[in-house]
Amino acid sequence: MSAMGDAELSQLHLVSLHFLGEWPDQSFPPSRCHQRLQSAYQPEEPKPSQLERDVAAVLDRLGWTHVFEQETTEGLSLDM
């Protein structure tokens, strides 16, 4: 991992979050690497699709309060 740049470490951080979500009783990555991966992770600015915008417009007309993206405590952005 020492030869990896931030882009690669950022992707590995996402893999580790998926792994931990799917197999919470397993250990990935080793705890000594977690902070390094997490610090390399740089989330992108949310870019709602046209479909998301269309759904949001309908929800607005119905008076249903919502958000386009919800950020988790881990920094992941979830679509509405």
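Does Trp-64 belong with the buried or the exposed residues, and at what relative accessibility? Trp-64 counts as exposed because its relative accessibility is 57%; here buried means under 20% relative accessible area, exposed over 50%, and partly exposed in between (1.4 Å probe, protein chains only). The structure is a predicted model, in which local features need pLDDT of at least 70 and side-chain atom pairs count only at pLDDT 80 or more, while totals for chains, interfaces and linings use all residues. Residues are numbered from 1 along each chain as its sequence is written, and side-chain values use heavy atoms, with hydrogens and water left out.

Trp-64 sits in the loop that runs between helix H3 (50-62) and strand E1 (69-71); helices (H or I, at least four residues) and strands (E, at least two) are DSSP runs, numbered from the N terminus. Together with Val-58 and Leu-62, Trp-64 makes up a nonpolar surface patch with about 360 Å² of accessible area. Such patches consist of residues with over 30% relative accessible area and no salt bridge, with like charges joined within 9 Å and nonpolar side chains (Val, Leu, Ile, Met, Phe, Trp, Tyr) within 5 Å. Accessible areas come from the Shrake-Rupley method with a 1.4 Å probe, and for residues only the protein chains shown count as cover.

Strand E1 itself contains Glu-69. Glu-69 is buried but has no salt bridge, and the nearest side chain of opposite charge, Arg-53, is 8.7 Å away. A salt bridge requires a side-chain nitrogen of Lys or Arg within 4 Å of a carboxyl oxygen of Asp or Glu; for charge, Lys and Arg count as positive and Asp and Glu as negative, with His and the chain ends not counted. Leaving aside residues up to four places away in sequence, Glu-69 touches Pro-46, Pro-48, Glu-52, Ser-77, Leu-78 and Asp-79, where contact means heavy atoms within 4.5 Å.

Beyond residues up to four places away in sequence, Ser-10 touches Ala-40, Tyr-41 and Gln-42. Val-15 is also found in helix H1 (residues 6-22), but is partly exposed at 44%.

The structure holds one aromatic pair. Phe-19 and Trp-23 form this tilted pair, at 5.1 Å centre to centre and 50° between the planes. Rings of Phe, Tyr and Trp (its six-membered ring) pair if their centres lie within 6.5 Å; planes under 30 degrees apart count as stacked, over 60 as edge-to-face and the rest as tilted.
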